[in-house]
Amino acid sequence: QVQLVESGGGLVQPGGSLRLSCAASGHTFSRYAMGWFRQGPGKEREFVAAITWPDGKTAIKDSVEGRFTISRDSARSTMYLQMNSLKPEDTAVYYCAFGPSAVVGLSRVHEYDYWGQGTQVTVSS
């Protein structure tokens with residue numbers, strides 16, 4: 001039903017920037033959340049940031065606040081993650097998630113019903 005297409009990942013040097021995009025299609029929901037999660041080598045999937053429709057409420061992981069910015073195209077089911085001052089610790093597969101019922105804290109995997117394929121972000125010299 002819902003398809004999520006991610007883009008923008010790649011290899012970047014420490015201190016560099018990347019902008020991730022996720023576009024959702026195949027849905028008719030008017031109230032939902034879209035979020036970014038990441039999973040580093042040997043680690044569990046963790047919350048990064050999320051944003052809601054129609055109100056644009058945001059939630060951001062404390063450790064990336066100030067470096068990462070979540071945003072959306074309010075007229076589209078598209079969200080962006082601007083990542084600045086990237087660190088090696090940010091290396092992970094970044095997953096886009098879509099949740100029609102994500103109405104609580106927005107930060108838990110189980111709040112989301114649909115997932116993208118993931119895009120690799122590697123921060124290395």
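**Threonine 91**

I started at threonine 91, whose side chain puts a polar atom 2.9 Å from the backbone nitrogen of valine 123. I count a polar contact as a pair of N or O atoms within 3.5 Å; within protein, one must be able to donate a hydrogen and the other to accept it, and residues adjacent in sequence count only if both atoms are side-chain atoms. This is a predicted model, so I took local features only at pLDDT of at least 70 and side-chain atom pairs only at pLDDT 80 or more, while totals for chains, interfaces and linings use all residues. Residues are numbered from 1 along each chain as its sequence is written, and side-chain values use heavy atoms, with hydrogens and water left out.

Threonine 91 sits in the loop between S8 and S9; helices (H or I, at least four residues) and strands (E, at least two) are DSSP runs, numbered from the N terminus. Not counting residues up to four places away in sequence, threonine 91 touches Gly40, Pro41, Gln120, Val121, Thr122 and Val123, a contact being heavy atoms within 4.5 Å.

**Salt bridges**

Next I went for charges, taking a salt bridge as a side-chain nitrogen of Lys or Arg within 4 Å of a carboxyl oxygen of Asp or Glu. The structure holds four of them.

Arginine 38 and aspartate 90 meet at 3.0 Å, N to O. Arginine 38 is in strand S4 and aspartate 90 in the loop between S8 and S9, so I looked at a link across 52 residues of chain. Both arginine 38 and aspartate 90 are buried.

Aspartate 90 also bridges to arginine 67, with the closest N and O atoms 2.8 Å apart. Arginine 67 is in the loop between S6 and S7, 23 residues from aspartate 90. Aspartate 90 comes out at 1% relative accessibility, and arginine 67 at 12%, which is buried too.

Lysine 61 and glutamate 46 pair at 3.5 Å, N to O. Because lysine 61 lies in the loop between strand S6 (58–60) and S7 and glutamate 46 in strand S5, the pair ties together parts 15 residues apart in sequence. Lysine 61 is partly exposed at 24%, and glutamate 46 is partly exposed at 28%. Through shared partners, salt bridges join Arg38, Glu46, Lys61, Arg67 and Asp90 into one network.

**Glutamate 111**

What does glutamate 111 do without a salt bridge? Glutamate 111 is buried, and the nearest side chain of opposite charge, arginine 108, is 5.8 Å away (Lys and Arg count as positive, Asp and Glu as negative; His and the chain ends are not counted). I found its side chain 2.9 Å from the backbone nitrogen of leucine 106, and 3.4 Å from the backbone nitrogen of serine 107. Glutamate 111 is in the loop between S9 and strand S10 (114–115).

**Arginine 19**

Arginine 19 is in strand S3 and is partly exposed at 41%. Its side chain makes a polar contact with the side chain of glutamine 82 at 3.3 Å.

**Core**

I then checked nonpolar cores, meaning sets of buried Ala, Val, Leu, Ile, Met, Phe, Trp, Tyr and Cys residues joined through side-chain atoms within 4.5 Å. The largest has 27 residues, and Met34, Trp36, Met79, Leu81, Met83 and Tyr94 have the most contacts inside it. Another core, of eight residues, lies apart from it and includes Ala33, Phe37, Ala59 and Ala97.

**Rings**

Last, aromatics: rings of Phe, Tyr and Trp (its six-membered ring) pair if their centres lie within 6.5 Å, with planes under 30 degrees apart stacked, over 60 edge-to-face and the rest tilted. I get eight aromatic pairs. Phenylalanine 37 and phenylalanine 47 have centres 5.7 Å apart and planes at 75°, so they are edge-to-face. Phenylalanine 37 is in strand S4 and phenylalanine 47 in strand S5, and both are buried. Phenylalanine 98 and tyrosine 114 are edge-to-face as well, at 6.2 Å and 65°. Phenylalanine 98 has a relative accessible area of 0%, whereas tyrosine 114 is partly exposed at 23%. Ring pairs link Phe29, Tyr32, Trp53, Phe98 and Tyr114 into a cluster.

Technical notes: Buried means under 20% relative accessible area, exposed over 50%, partly exposed in between (1.4 Å probe, protein chains only).
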